[in-house]
Amino acid sequence: MVVDRAYTDRDLAELYNPMNPWHPSDDFYLDLVMGAGSVLDVGCGTGVLLHRAREVGHPGRLCGLDPAAAMLDQARSRTDVEWVHGDLSAVGWEREFDLVVMTGHAFQVLVDDDELRAALSAIRSALAEGGRFAFETRNPLARAWERWTTTEPEEITNAAGDLIRIVTVVETPVTGDVVHFTDTFTSSRWDEPRTSRSSLRFLDPDSLRSFLSEADLVVEEQFGDWNRDPLTDTSPEIITIARAGHR
């Protein structure tokens, strides 16, 4: 898996938490995590969700998987969680987790059909009997990417107090279900700007169900937002909870 520079560059990875404060989506997933005995967070990043779960008393197994070492270095500030460097192609868990989650739209980085099928197969294998897989993807009908290109740089301060400016540009025209964009970071402390290129796939509900069904994952619930409202054409999200089938 190709990992975006925003997550592999240590200076950029340190910006992730300030740019992504705790959100209603985190409360949604935390509720699920606290109700499961063993949890795998795929694309766990800096480990915020599993950190919080442990802080509020989760007694069971918590495991975070991420391909970006710079992100995991931050996650490892907590040692009572299992952290694994890699992606789903590099692990072979069998019926070990009651719950698998992919938060922060991590599911959308699976842009290739074969890559997506392999990931879902690995997730299905990792789930215990009756286990659940929870994730979200942006609703393509809401066309969120049309609002991503910035007219003015976003500004954020890193831990050292340096001002970082961020400019996002979506590559147009957008054709098909994959959107490509760049984030360019600049700082007076750096010799040159640092650019991270990303690609995200926007699957519709029918396509999601088809891929999940093929992997023996049955959609149990779907919501259109973090208030658990029904999924509609105008919903910003497609939030899915799928249960492992009976092989």
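In which handedness of crossing does helix 4 pass helix 5? Helix 4 passes helix 5 in a right-handed crossing. Please keep in mind as we go that this is a predicted model.

Let us stay with that pair for a moment. Two packed helices are described by the angle between their axes and the distance between the axes. Helix 4 covers residues 24-34 and helix 5 covers residues 48-55; their axes come within 10 Å and cross at roughly 55°. The two helices are therefore oblique to each other. On the helix 4 side, the contact is made by Asp26, Tyr29, Leu30, Val33 and Met34, and on the helix 5 side by Leu49, Arg52 and Ala53.

Helix 7 and helix 8 pack at an angle of about 55°, and their axes are 9 Å apart. That makes helix 7 oblique to helix 8. Helix 7 passes helix 8 in a right-handed crossing. Here Asp113, Leu116, Arg117 and Leu120 of helix 7 meet Phe211, Leu212 and Glu214 of helix 8. The residues of this contact divide into four nonpolar, no polar and three charged.

Ile164 lies in strand 7 (residues 163-170). Ile164 counts as buried because its relative accessible area is 0%, and buried means under 20%. Not counting residues up to four places away in sequence, Ile164 touches Leu15, Glu154, Glu155, Ile156, Asn158, Phe185, Thr186, Ser187 and Trp190. Ile164 and Arg189 are 25 residues apart in sequence, and their C-alpha atoms are 9.2 Å apart in space.

The other stop is Glu82, in strand 3 (residues 82-85). Glu82 has a relative accessible area of 30%, so it is partly exposed. Beyond its neighbours within four places in sequence, Glu82 is in contact with Arg61, Leu62, Cys63 and Gly64. From Glu82 to Leu65 the chain runs 17 residues, and their C-alpha atoms are separated by 8.6 Å.

We finish with some details of the backbone. Most residues other than glycine have a negative phi, and most peptide bonds are trans. Against that background, the peptide bond from Thr172 to Pro173 is cis, with omega near 0°. You will find Pro173 in the loop between strand 7 and strand 8 (178-186). Arg143 is not a glycine, yet its phi is positive, near 50°. This residue sits in the loop between strand 5 and strand 6 (154-157), and Arg143 is partly exposed, with a relative accessible area of 38%. Asp216 also has a positive phi, about 65°, although it is not a glycine. Look for Asp216 in the loop between helix 8 and strand 10.

How values were computed. Residues numbered from 1 in each chain as written. Predicted model: local features only at pLDDT ≥ 70, side-chain atom pairs only at ≥ 80, totals over all residues. Heavy atoms only, no water. Axes fitted to C-alpha atoms, helices over the stretch in contact; angles between N-to-C directions. Helix = DSSP H or I, 4+ residues; strand = E, 2+ residues; numbered from the N terminus. Parallel < 35°, antiparallel > 145°, perpendicular 65-115°, else oblique. Left-handed = near helix turned anticlockwise from the far one by under 90°. Contact = heavy atoms within 4.5 Å. Buried < 20%, exposed > 50% of the residue type's maximum accessible area, 1.4 Å probe, protein only. Nonpolar A, V, L, I, M, F, W, Y, C, P; charged D, E, K, R; others polar.
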